[in-house]
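Here is a short note for a colleague opening this structure for the first time.

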Amino acid sequence: MLPEGPNRVHLGPLGAADQVIDDESRILEIQRNWRKLIGVEMETYGVYRACYESPDPKPRFVSFKSVCDFAAVKSDSWQQYAAFVAAEFTAEFLRGEWAALWPSIPS
């Protein structure tokens with residue numbers, strides 16, 4: 001299944017939590033306090049915590065997300081497509097930006 005219209009990239013602050021937030025009232029509360037927030041997720045939080053708590057030198061990390069559902073409205077119908085889009089975007093981004101991101105690490 002493919003989307004009816006073109007894909008869109010949304011750039012902006014993304015919140016990360018150590019738990020699933022699937023209560024609509026909690027989502028509205030977060031939106032009131034963080035108006036520019038474009039999403040909340042939990043997978044990147046786990047990566048962040050692992051890197052933050054690791055010994056020096058701490059690893060660098062980056063996260064690229066492709067959204068396939070919205071909090072309390074869960075569906076797996078777009079999960080495979082969203083994973084593909086995120087992987088393709090990540091590969092293209094890193095191909096084009098690796099040297100600029102980490103000039104001291106050979107590509």
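**Notes on pockets and surface**

1. Start with the lining of the largest pocket. By class, 25 of its residues are nonpolar, eight are polar and seven are charged. Keep in mind that this is a predicted model.

2. The volume of the largest pocket is about 1600 Å³. Its lining counts 40 residues, and L14, K65, S66, V67 and C68 are the closest to the pocket centre.

3. Which elements supply at least two residues each to the lining of the largest pocket? They are α1 (24–33), β2 (39–41) and α3 (79–101). The largest share comes from α3, with five residues.

4. Now turn to the second largest pocket. Its volume is about 180 Å³. The residues that line the second largest pocket are G15, A16, A17, Q19, I21, R26, I30, W34, L37 and V40. Two elements, β1 (14–16) and α1, each give two or more residues to this lining. By class, the lining of the second largest pocket holds seven nonpolar, two polar and one charged residues.

5. Look at the surface as well. V47, Y48, Y52 and F61 form a nonpolar patch there. Together these four have about 380 Å² of accessible area.

6. Y52 sits in helix α2, which spans residues 43–53. Is Y52 buried or exposed? Y52 counts as exposed because its relative accessibility is 51%, and the cut-off for exposed is over 50%.

Terms used: Residues are numbered from 1 along each chain as its sequence is written. This is a predicted model: local features need pLDDT of at least 70, side-chain atom pairs count only at pLDDT 80 or more; totals for chains, interfaces and linings use all residues. Side-chain values use heavy atoms; hydrogens and water are left out. Patches are made of residues with over 30% relative accessible area and no salt bridge: like charges are joined within 9 Å, nonpolar side chains (Val, Leu, Ile, Met, Phe, Trp, Tyr) within 5 Å. Accessible areas come from the Shrake-Rupley method with a 1.4 Å probe; for residues, only the protein chains shown count as cover. A salt bridge is a side-chain nitrogen of Lys or Arg within 4 Å of a carboxyl oxygen of Asp or Glu. Helices (H or I, at least four residues) and strands (E, at least two) are DSSP runs, numbered from the N terminus. Buried means under 20% relative accessible area, exposed over 50%, partly exposed in between (1.4 Å probe, protein chains only). On a 1 Å grid over the protein atoms alone, a cavity is a set of points where a 1.4 Å probe fits but cannot get out, and a pocket is an open set with protein on both sides within 12 Å along at least five of seven lines; lining residues have an atom within 4 Å of a point. Grid points are joined across faces, edges and corners, and a volume is the space filled by probe spheres set on the points. Ala, Val, Leu, Ile, Met, Phe, Trp, Tyr, Cys and Pro count as nonpolar, Asp, Glu, Lys and Arg as charged, and the others, Gly among them, as polar.
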